[in-house]
Amino acid sequence: MFIVNLIIVLILFLLTGFLSGRYQDKYLFAKSFLISVGMVISGFLSLIISGFIIYWLLIRLLGDRSSIFVLGIIIILFAGIMNYFIVHQLVKWNDYNEMLVAILEYYIQWTTIFFTLYQFLTSSPQNLKSIAKLEISTDTLDLNLLNIIILPVLLISWIALAMVRLYIKDHKWAEEESQAQDEENKENDSNSTSGKETSGEQKN
């Protein structure tokens with residue numbers, strides 16, 4: 001039954017992308033799903049590498065005794081920066097499609113919010129008793145796994161996506177500024193040329 005539930009979830013995720021964004025690219029929903037899977041995998045690897053580097057650099061070499069909260073922030077931000085380069089390359093292969101980035105960001109946001117709500121719901125024994133009365137399985141994910149792996153990976157992916165979105169907006173603005181400057185230069189050159197022609201005619 002788990003496989004059936006997983007298939008239903010995947011179909012619904014794909015359906016959200018298919019119904020909302022298929023006019024620019026009819027395969028955009030499929031691309032966004034595949035990239036989101038790759039992004040989460042790269043986020044997990046970034047988390048492991050970042051944790052290893054930060055632990056050995058700060059704890060082992062420098063003897064830092066920061067709190068787990070501060071250490072967690074450092075690890076996640078560093079992992080997000082590493083994951084950015086991978087996500088940036090994936091989006092670059094799709095010509096910096098802003099619709100693709102938006103769909104990916106929504107996927108990450110929805111999943112993060114869902115797991116946060118899930119954690120809140122299943123952390124209360126009273127809630128689990130109420131769910132059991134509805135004849136719904138109360139088998140839950142390990143909250144330690146949720147806190148240590150799943151939510152940090154989603155956050156790392158979210159950081160990388162936000163950086164890519166800012167990169168696209170920044171370079172788009174720079175291109176628009178460059179085009180406006182080119183048009184202004186052309187207009188100035190045209191006015192200068194016409195001014196010279198008018199001056200020549202007056203002399204004649």
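Y106 is partly exposed, with a relative accessible area of 44%; partly exposed is the range between buried (under 20%) and exposed (over 50%), taken with a 1.4 Å probe and protein chains only. This is a predicted model, in which local features need pLDDT of at least 70 and side-chain atom pairs count only at pLDDT 80 or more, while totals for chains, interfaces and linings use all residues. Residues are numbered from 1 along each chain as its sequence is written, and side-chain values use heavy atoms, with hydrogens and water left out.

**Aromatic pairs**

- The structure holds 8 aromatic pairs, where rings of Phe, Tyr and Trp (its six-membered ring) pair if their centres lie within 6.5 Å, and planes under 30 degrees apart count as stacked, over 60 as edge-to-face and the rest as tilted.
- Y106 and W110 make a stacked pair, with 6.0 Å centre to centre and 10° between the planes.
- Both Y106 and W110 belong to helix α4, 4 residues apart, or about one turn of the helix; helices here are DSSP runs (H or I, at least four residues), strands are E runs of at least two, and both are numbered from the N terminus.
- An α-helix has 3.6 residues a turn, so residues three or four places apart point the same way.
- W110 counts as partly exposed, because its relative accessibility is 40%.
- F114 and F115 form an edge-to-face pair, at 5.6 Å centre to centre and 65° between the planes.
- F114 counts as exposed at 51% relative accessibility, whereas F115 counts as buried at 16%.
- One aromatic cluster is formed by F52, Y55 and W56.

**Helix α4**

- α4 has 25 residues and reaches 36 Å from its first C-alpha to its last, close to the 36 Å expected at 1.5 Å a residue; the expected span is 1.5 Å times one less than the number of residues.
- At the start of α4, a side-chain oxygen of N97 comes to within 2.9 Å of the backbone nitrogen of M99.
- Buried residues of α4 include L100, V101, I103, L104, Y107 and I108.
- E105 lies in α4 and counts as buried, because its relative accessibility is 10%.
- The side chain of E105 makes a polar contact with the side chain of R165 at 2.6 Å; such a contact is a pair of N or O atoms within 3.5 Å, and within protein one must be able to donate a hydrogen and the other to accept it, with residues adjacent in sequence counting only if both atoms are side-chain atoms.
- Not counting residues up to four places away in sequence, E105 touches W158, L161 and R165, contact meaning heavy atoms within 4.5 Å.

**Nonpolar cores**

- The largest nonpolar core has 22 residues, of which M39, V87, V91, V101, L104, L161 and V164 touch the most other members; a core is a set of buried Ala, Val, Leu, Ile, Met, Phe, Trp, Tyr and Cys residues joined through side-chain atoms within 4.5 Å.
- Two or more residues of this core come from each of α2, α3 (68-92), α4 (98-122) and α6 (143-203).
- The largest share, 8 residues, is from α4.
- Another core, of 11 residues, lies apart from this one and has I54, L58, A79 and I156 among its members.

**Helix α2**

- α2 (residues 28-61) has 34 residues and reaches 46 Å from its first C-alpha to its last, close to the 50 Å expected at 1.5 Å a residue.
- α2 bends by about 25° at Y55, the bend being the angle between axes fitted to the seven residues ending there and the seven starting there.
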